[in-house]
Amino acid sequence: MFFIDYARFEGNTTQACSQAIALLQHDDFKFAVFSTSPDSADGTEKPADGPETNWPYFSAAIRVGDNVHIFDSTLLSAARYPRGSEVRDILDVAVQTGSVYFTQGVAGFTAGLSPEAAARRFAGVPLTALTKETRSDFWLKVSRGIPEYEFFKQATI
């Protein structure tokens, strides 16, 4: 029989970034799908989705072997500095890895769902391959429309 195990990451921001990068670089890495939560309340948010000041948050389903790892909380967000640094680091690795895609829409608020239900939000939706050419499109989704170079330029002012 074939089973896929679903697990949600729990920890702090630095651990979330490190774990996502480790999974993307793992020998058994299969693929990943990135998305974001909405950037404002839509009636489907739950307490687990965290405060609106951290929306949209970065969401990911990363498949390694027979396991799907879900990252979907305000731990990873480019809504404000310095949290955007972790998202930038993940994108740096993801672009080099290949087999990483992002949803053309948003996955919705998923932190209040089971890991398996959250993963289903990534299935059956139009995807775009994450490449160095499309990275800026995804960054705009996760950063409230602020281009990456401006985001980090503002952070140093």
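Helices (H or I, at least four residues) and strands (E, at least two) are taken as DSSP runs and numbered from the N terminus. On this basis the protein contains 5 helices and 6 strands. Their order from the N terminus is β-α-β-β-β-α-β-α-β-α-α. The radius of gyration is 14 Å, close to the 15 Å that the globule rule gives for 157 residues, so the protein is as compact as a globular protein of that length. The model is a predicted one.

The C-alpha trace spans about 55 × 35 × 30 Å along its principal axes. Of the 157 residues, 45% are buried. Among contacts with a separation of 6 or more, 71% join residues 24 or more positions apart. The exposed surface comes to about 7,800 Å². Carbon and sulfur atoms supply 51% of that surface.

Charged side chains were examined next. The protein carries 14 positive and 19 negative side chains. The centres of these two sets lie 2 Å apart. The structure holds 7 salt bridges.

One of the salt bridges pairs Asp-92 with Arg-135, at 2.7 Å from N to O. Asp-92 belongs to helix H2 (residues 84-97) and Arg-135 to helix H4 (residues 135-142), so this pair ties together parts that are 43 residues apart in sequence. The two partners can also be described by their accessibility. Asp-92 has a relative accessible area of 35% and is therefore partly exposed. Arg-135 has a relative accessibility of 12%, so this residue counts as buried, because buried means under 20% relative accessible area.

Arg-135 also forms a salt bridge with Glu-148, again with an N to O distance of 2.7 Å. Glu-148 lies in helix H5 (residues 148-156) and Arg-135 in helix H4, and this pair links distant parts of the chain, 13 residues apart. Glu-148 and Arg-135 are both buried. Through shared partners, salt bridges join Asp-92, Arg-135 and Glu-148 into one network.

A further salt bridge brings together the side chains of Asp-89 and Arg-88, at 3.7 Å from N to O. Asp-89 is partly exposed, with a relative accessible area of 30%. Arg-88 is partly exposed as well, at 27%.

The loop between strands E2 and E3 was then considered through two of its residues. Asn-54 sits in this loop, which lies between strand E2 (29-36) and strand E3 (57-64). Its relative accessibility is 9%, so Asn-54 counts as buried. Beyond its neighbours within four places in sequence, Asn-54 is in contact with Thr-74, Ser-77, Ala-79, Arg-80 and Arg-144.

Glu-52 is found in the loop between E2 and E3. Its relative accessible area is 40%, and Glu-52 is therefore partly exposed. Residues up to four places away in sequence aside, Glu-52 touches Asp-39, Ser-40, Ala-41 and Arg-144. The C-alpha atoms of Glu-52 and Pro-38 are separated by 9.5 Å, and these two residues are 14 residues apart along the chain.

How values were computed. Residues are numbered from 1 along each chain as its sequence is written. This is a predicted model: local features need pLDDT of at least 70, side-chain atom pairs count only at pLDDT 80 or more; totals for chains, interfaces and linings use all residues. Side-chain values use heavy atoms; hydrogens and water are left out. Buried means under 20% relative accessible area, exposed over 50%, partly exposed in between (1.4 Å probe, protein chains only). Contact means heavy atoms within 4.5 Å. The radius of gyration is taken over C-alpha atoms; the globule rule is 2.2 Å times the number of residues to the power 0.38. Accessible areas come from the Shrake-Rupley method with a 1.4 Å probe; for residues, only the protein chains shown count as cover. Lys and Arg count as positive and Asp and Glu as negative; His and the chain ends are not counted. The place of a charge is taken as NZ of Lys, CZ of Arg, CG of Asp or CD of Glu. A salt bridge is a side-chain nitrogen of Lys or Arg within 4 Å of a carboxyl oxygen of Asp or Glu.
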